[in-house]
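Biologist: Hi, I'm new to this one. Could you walk me through the metal sites?

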Amino acid sequence: MTPEKSPLTYGELPPEDALALLGNDIRTAILWTLSEARGGEGPPPVLPFSELRRKADLDVESSRFNYHLQELLGTFVERVPPEETDDDAQVVSELASTPGEGFRLRPEGTTLIRTIRTWSDEGDAWLAPFELDQECYHCDTALEAEYDNAIFAIRCPGCEYVYDYNLTPPGVLGDDREETLDNVAAYNRSQRLAFARGTCPLCGNAVDAEFVAGEETGYPRGDLRTLLVRRGCDHCGNKDNLTLGEVLLRDARLVGFCAERGLDVTTTPIWKLPFAATDRHTTIDATDPSKATLAVDCDGDTLTLTVDDSLSVVDRRL
Ligand SMILES: [Zn+2]
Ligand SMILES: [Zn+2]
């Protein structure tokens with residue numbers, strides 16, 4: 001990669017230099033204070049220097065506080081000039097701000113704090129394995145769900161087939177299991193469908209696609225798998241593995257076919273859709289270049305969809 005093509009934050013710093021800026025408790029207090037001032041709503045608020053310093057509630061000299069604030073400017077924080085109508089706008093101060101001027105989080109600062117909040121929770125963020133109202137499609141044992149170490153997993157305790165194994169923030173944990181499962185189903189769908197459509201759900205970059213044969217996926221019971229579509233983002237490193245059924249949950253014809261037969265695949269949890277939860281309805285038609293077909297059975301009819309290795313649907317048959 002040539003230097004001019006190396007990624008830079010909007011503050012025009014290499015990402016690792018931006019990260020290094022955070023190694024100071026005054027700076028992190030400034031970021032947190034600006035985030036807290038938002039109260040969870042609306043655009044990032046603009047805090048004048050004196051208010052920011054008062055709210056940060058640190059026992060440091062104004063000049064030292066200002067030094068660290070300046071270090072964050074252009075990367076995590078931005079200076080917002082006074083309104084042009086402000087009569088004091090032209091007053092120049094030796095301190096960080098002129099009257100009417102303030103500071104607010106830049107997008108990088110907002111996202112950074114959101115990431116920390118995303119992975120913070122008031123409870124134990126842990127759920128012992130519990131039974132789902134769904135039997136394994138391979139062996140009829142009731143499936144189990146578990147949340148541990150930020151992974152929400154759905155597995156079959158009978159045959160060990162893994163239905164879901166996903167990095168999932170603790171926000172999915174609801175007041176009861178039903179609410180938790182609703183949240184997990186919605187969260188997983190949003191992530192999977194973004195990957196299915198070829199867009200990284202974290203950073204918005206295009207993701208690549210690779211067909212991986214069942215035995216090579218690294219999952220337990222590869223013998224029960226036909227293929228996984230591995231999608232990864234070169235930019236942020238986000239990755240997902242999708243069944244062919246999950247990839248095709250974005251297909252309007254599939255959605256319509258099921259809806260006409262009383263099955264709403266846009267709200268049904270993926271683990272309750274056998275064509276997406278397993279590979280029992282997936283066949284590999286060709287390799288190198290790859291071609292695979294999904295057969296969706298619904299109310300006595302079957303829709304088949306064939307994709308090529310770019311994941312374009314090249315054939316649909318009812
Ligand atoms: Zn099983
Ligand atoms: Zn990404």
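Modeller: Donors are N, O and S atoms within 2.8 Å of the metal. This is a predicted model, where local features need pLDDT of at least 70 and side-chain atom pairs count only at pLDDT 80 or more. Residues are numbered from 1 along each chain as its sequence is written, and ligands are numbered from 1 in the order in which they are written.

Biologist: Which residues are the protein donors of the zinc ion (ligand 1)?

Modeller: Cys136, Cys139, Cys156 and Cys159, each through SG, at 2.2 to 2.4 Å. The 4 donor atoms subtend angles of 95 to 118°, so the arrangement is tetrahedral.

Biologist: And how are those donor residues spaced in sequence?

Modeller: As C-x2-C-x16-C-x2-C. Cysteine 136 sits in the loop between strand 3 (127-135) and strand 4 (142-148), and cysteine 156, 20 residues away, in the loop between strand 5 (151-155) and strand 6 (162-167). Strands here are DSSP runs (E, at least two residues).

Biologist: Are cysteine 136 and cysteine 156 buried or exposed?

Modeller: Both are buried (under 20% relative accessible area; exposed is over 50%, partly exposed in between, with a 1.4 Å probe and protein chains only).

Biologist: Switching over: what coordinates the zinc ion (ligand 2)?

Modeller: Cys200, Cys203, Cys233 and Cys236, again by SG, at 2.2 to 2.4 Å. That site is tetrahedral too, with angles of 98 to 118°.

Biologist: How accessible is cysteine 236?

Modeller: Cysteine 236 is partly exposed at 38%, while cysteine 200 is buried at 3%.

Note on methods
Side-chain values use heavy atoms; hydrogens and water are left out. Donors are N, O and S atoms within 2.8 Å of the metal (3.2 Å for Na, K and Ca); water is not among the atoms, so sites may look incomplete. Four donors count as tetrahedral if all angles lie between 85 and 135 degrees; four count as square planar and six as octahedral if opposite donors are over 155 degrees apart and all others between 65 and 115; anything else is irregular. Helices (H or I, at least four residues) and strands (E, at least two) are DSSP runs, numbered from the N terminus.
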